[in-house]
Amino acid sequence: MPLKIVDGWIKNIKQIKSPYYNDRPEDQPISLLVIHNISLPPKQYGGPYVEQLFTGKLDPNAHPYFAEIYQLQVSSHLFIRRDGEIIQFVPFDKRAWHAGKSIFAGKENCNDFSIGIEMEGCDTEDFTEIQYQQLAIVTKLLQQTYPIKHITGHSDIAPTRKTDPGPYFDWQYYRSLINYHKQIDLMTNQLRLIKDELQRLTLWQPSPPAAEAFLSEQPFALDTMQPYEWLQWIFIPRMQALIDANAELPKFALHPYFEEAFKQQEMDVDDLLKLIKELDELSTNQRMDN
């Protein structure tokens, strides 16, 4: 189910309200995303202790390290566990206490204008694939909802105090995932526009061709389908299936074929050809580096 933000909260994820937040200054739009790491006890994962810390319920007797930190009043907007579970503690329109004394691009008190995301992890171990995937999805959602212009690490805004998210956080891969998800959105929208244009031209059919037509071994099913039929019944469904599976999308060049195939069409297909050419360009530009 796609994630959605309502009243500052992501719907359909675990929500645990922290008492450690306050109002943002009215003149400070949310423009920064800060990535952290945390594990309690240090380098141990999966327990309830991060949730307890962010809600003021950490037992100082549960572990020797906790006696040093149990009185801290800290929180984060989001916490992403090693298994990909996302937990929200503070609504995004409120000021979570995650950054501490900090400065970004000459502006102090980053809590005023940032959203904090804690990744369950440490400075000496790789993060998990599902964490990166969830972080990229959440990042895209936040960028669509708030005027976020920059993404940085805790160590970049508090370099004398903090080291997280640490050298094992793969910034290049994370940014490639963000770009990939943006490209997927563009591709999905472009396919929708092509469908709308086919419908406008009354080329979108209510029922598929005969089953035998799908057995063609020719490119574009030249021998069994009209060009617009191939678009509707083969190409668009296959692309949507790849998108739904988060699979890598192929590069393609459809425009030369359709430009030639539509030469004999009496209707005006210029807009359709333009949309197909734009789709080709999107396929060439999409990237996801592993």
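Tutor: Happy to, and please keep in mind that this is a predicted model. Let's begin with S31, which, beyond its neighbours within four places in sequence, is in contact with F113, P147, I148, K149 and H150. S31 belongs to the loop between β4 (21-23) and β5 (32-38). Is S31 buried or exposed? Its relative accessibility is 15%, and because buried means under 20%, S31 counts as buried.

From that loop we can turn to the pockets. The largest pocket holds about 610 Å³ of space. Its lining is made up of 28 residues, and those nearest its centre are N37, I38, Y65, K162 and D164. Two elements, β5 and α1 (49-54), each give two or more residues to this lining. Of the elements, β5 gives the most, with 3 residues. Sorted by class, the lining of the largest pocket has 12 nonpolar, 10 polar and 6 charged residues.

The second largest pocket comes next, with about 460 Å³ of space. Here 17 residues form the lining, and P2, I137, K140, H181 and N246 are the closest to the centre. The elements giving two or more residues to this second lining are α3 (129-145), α5 (171-200) and α6 (227-244). By class, the lining of the second largest pocket has 8 nonpolar, 6 polar and 3 charged residues.

Now for α6 itself. This helix has 18 residues and spans 24 Å from its first C-alpha to its last, close to the 26 Å expected at 1.5 Å a residue. Where does α6 have a kink? The kink, of about 30 degrees, lies at F235, shortly before the proline P237. F235 is also one of the buried residues of α6, a list that runs P227, Y228, E229, W230, L231, Q232, I234, F235, I236, M239 and I243. What do these buried residues pack against? Their partners are α5, α7 (255-261) and α8 (270-285).

One last detail ties the helix back to the pocket. Just after α6, N246 takes a positive phi of about 55 degrees, and N246 is among the residues closest to the centre of the second largest pocket.

Terms used: Residues are numbered from 1 along each chain as its sequence is written. This is a predicted model: local features need pLDDT of at least 70, side-chain atom pairs count only at pLDDT 80 or more; totals for chains, interfaces and linings use all residues. Side-chain values use heavy atoms; hydrogens and water are left out. Helices (H or I, at least four residues) and strands (E, at least two) are DSSP runs, numbered from the N terminus. Buried means under 20% relative accessible area, exposed over 50%, partly exposed in between (1.4 Å probe, protein chains only). Contact means heavy atoms within 4.5 Å. On a 1 Å grid over the protein atoms alone, a cavity is a set of points where a 1.4 Å probe fits but cannot get out, and a pocket is an open set with protein on both sides within 12 Å along at least five of seven lines; lining residues have an atom within 4 Å of a point. Grid points are joined across faces, edges and corners, and a volume is the space filled by probe spheres set on the points. Ala, Val, Leu, Ile, Met, Phe, Trp, Tyr, Cys and Pro count as nonpolar, Asp, Glu, Lys and Arg as charged, and the others, Gly among them, as polar. The expected span of a helix is 1.5 Å times one less than its number of residues. The bend at a residue is the angle between axes fitted to the seven residues ending there and the seven starting there.
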